[in-house]
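Here is a short briefing to read alongside the structure. Keep the viewer open as you go, and follow whichever topic interests you.

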Amino acid sequence: SSQNDINDISIISFYEEIDFLNLSESKFTEFLNEFDFNEMTNSLWTNLCRCFYVNYDPKQCKKPIERYLYEGELFEYDGNEMNRFKGIIHHLTEKTGGNVNDNKTVIVTASSSFSNRYAKYAVDLDDKYHYFQSQAHPNSWIKYDFGDMKVRPNKYSIRSRHDCGQGGYHLKNWVIEVSETDNDDDWKVIDSRSDVMSLDDQNAVQTFDINEKLGENDFYRFLRLRQTGVNTGNNFTLPLSALEYFGYLKA
C-alpha cells in the first residue's frame, strides 16, 4: 500500500506540472475524464483555474478548493435548545422532502430491531412518538450510510424514547464511530460516553461534543452509534427517538 501511495503522489506531482493552457481540447477532456477529483491539491486547482478564468486572480481561485474539497458545508449547533435537531440530517430532510432513509439519501441500518421500532425512525427528527429500539444484544448499533456524501462531525444530539420515565430503558453507555469502508476492522472511535444519566427520562434531549478533533481532511461515509454497556434499565436494548449530527457535509 505504501508503494501505491508513492505512485499516487508521483502522479499528482506530474499533474501539477502540466501546462493546461497548451493542452489540446481532446487531451484536456481526457484528463477530466480520468482524473479522480478526490486527489485534488491546491497547486493543481490553481493551474486549472487559469483555464477557467480570463482575468485570473490566484487569491480568488484558492477559496473553492479549501471550502468545497476539504471543509464542505458547515451545519453548526448554535447553542439554542430549539435547534438541537437542525443539523446535517435536518438539512438533508428539508432538501429531499422526507425521511432520508425512505428516499435513500442516507441509509439507516441497525444491528437488529425490536418489533416495529425500526432504525429509520431515528432520522424522523420531529416525530416524538415513533422510536428505534434494538433487541437486547450487547454492542447493538445504529449506522448512517451517507453514500456518495461524506461527513466530518463535531457534535450530535440524541432524544430518548417517549414512553419510559426515569429508571426506564434509556441510552447510558456508547461510542460514536466513523468508517470509510464499513469493514469490521475499519471503525474508528471518535467519541466515548459512560454512565450518562442526562437521557434517563422520557423525551430527554442532550447535545454532545465529539471528543476527538478531526482534521480538515477527515471525512467519512459511515457514522455509527454503538452501545458499549447496559442502558438505564440494566439490559442491552438500544433505544432512541432521534439522532442528529452537526459538522461538515461534503456532497
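Helices (H or I, at least four residues) and strands (E, at least two) are DSSP runs, numbered from the N terminus. With that naming, asparagine 234 lies in the loop between S9 and strand S10 (239–240). Please bear in mind that this is a predicted model. The chain holds five helices and 11 strands, and buried residues make up 45% of its 251 residues.

**Confidence and overall contacts**

- The average pLDDT of the chain is 89, and 88% of the residues score at least 70.
- One stretch to treat with care is residues 62–68, where the pLDDT is below 50. Beyond near neighbours in sequence, that stretch has 12 contacts in the model.
- Of the contacts between residues at least 6 apart in sequence, 72% join residues at least 24 apart.

**Nonpolar cores**

- In soluble globular proteins, nonpolar side chains tend to be buried together.
- Here the largest nonpolar core has 39 residues. Those with the most contacts inside this core are Ile142, Tyr144, Phe146, Ile158, Trp174, Leu225 and Leu240.
- At least two core residues come from each of helix H5 (88–96), strand S4 (141–145), S5, strand S6 (174–179), strand S9 (222–227) and strand S11 (242–250).
- Which element gives the largest share of this core? S11 does, with four residues.
- Another core, of 12 residues, lies apart from the largest one; among its members are Ile18, Phe20, Phe31 and Met40.

**Aromatic pairs**

- How many aromatic pairs does a search of the whole structure find? The search finds eight.
- One of them joins tyrosine 144 and phenylalanine 146 edge-to-face, with 6.5 Å centre to centre and 65° between the planes.
- Tyrosine 144 is buried, at a relative accessible area of 0%. Phenylalanine 146 also counts as buried, because its relative accessibility is 1% and the cut-off for buried is under 20%.
- Tyrosine 156 and phenylalanine 208 form a stacked pair, 5.4 Å centre to centre with 25° between the planes.
- Tyrosine 156 lies in strand S5 (residues 150–159) and phenylalanine 208 in strand S8 (residues 205–209), so this pair ties together parts that are 52 residues apart in sequence. Both residues are buried.
- Ring pairs link Tyr144, Phe146, Tyr156, Trp174, Phe208 and Tyr245 into a cluster.

**Charges over rings**

- Arginine 224 lies over the face of tryptophan 187, 4.0 Å from the ring centre.
- Lysine 250 places its charged end over the ring of phenylalanine 219, at 4.4 Å from the centre of that ring.

**Strand S5 and its partners**

- Is S5 mostly covered or mostly open? S5 is mostly covered, with nine of its 10 residues buried.
- S5 runs antiparallel to S11, and nine bridges join the two strands. Serine 157 stands opposite glutamate 244 in S11.
- S5 also runs antiparallel to S8, through five bridges. In S8, phenylalanine 208 is the bridge partner of tyrosine 156, and these two residues also make the stacked aromatic pair.

**Loop residues**

- Asparagine 234 is exposed, with a relative accessible area of 62%. Its C-alpha atom is separated by 9.6 Å from that of lysine 172, which is 62 residues away along the chain.
- Glutamate 17 lies in the loop between helix H1 (2–16) and helix H2 (25–34) and is exposed, at 66% relative accessible area.
- Lysine 104 has a phi near 65°, a positive value in a residue other than glycine. Lysine 104 is found in the loop between H5 and strand S2 (107–110) and is exposed, at 65% relative accessible area.
- Asparagine 203, with a phi near 55°, likewise has a positive value in a residue other than glycine. The loop between strand S7 (188–193) and S8 holds asparagine 203, which is partly exposed at a relative accessible area of 30%.

Technical notes. Residues numbered from 1 in each chain as written. Predicted model: local features only at pLDDT ≥ 70, side-chain atom pairs only at ≥ 80, totals over all residues. Heavy atoms only, no water. Phe/Tyr/Trp six-rings, centres within 6.5 Å; stacked < 30°, edge-to-face > 60°. Buried < 20%, exposed > 50% of the residue type's maximum accessible area, 1.4 Å probe, protein only. Lys NZ or Arg CZ within 6 Å of the ring centre and 35° of its normal. pLDDT = per-residue confidence, 0-100. Contact = heavy atoms within 4.5 Å. Core = buried A, V, L, I, M, F, W, Y, C linked by side-chain atoms within 4.5 Å. Pairing = 2+ DSSP bridges.
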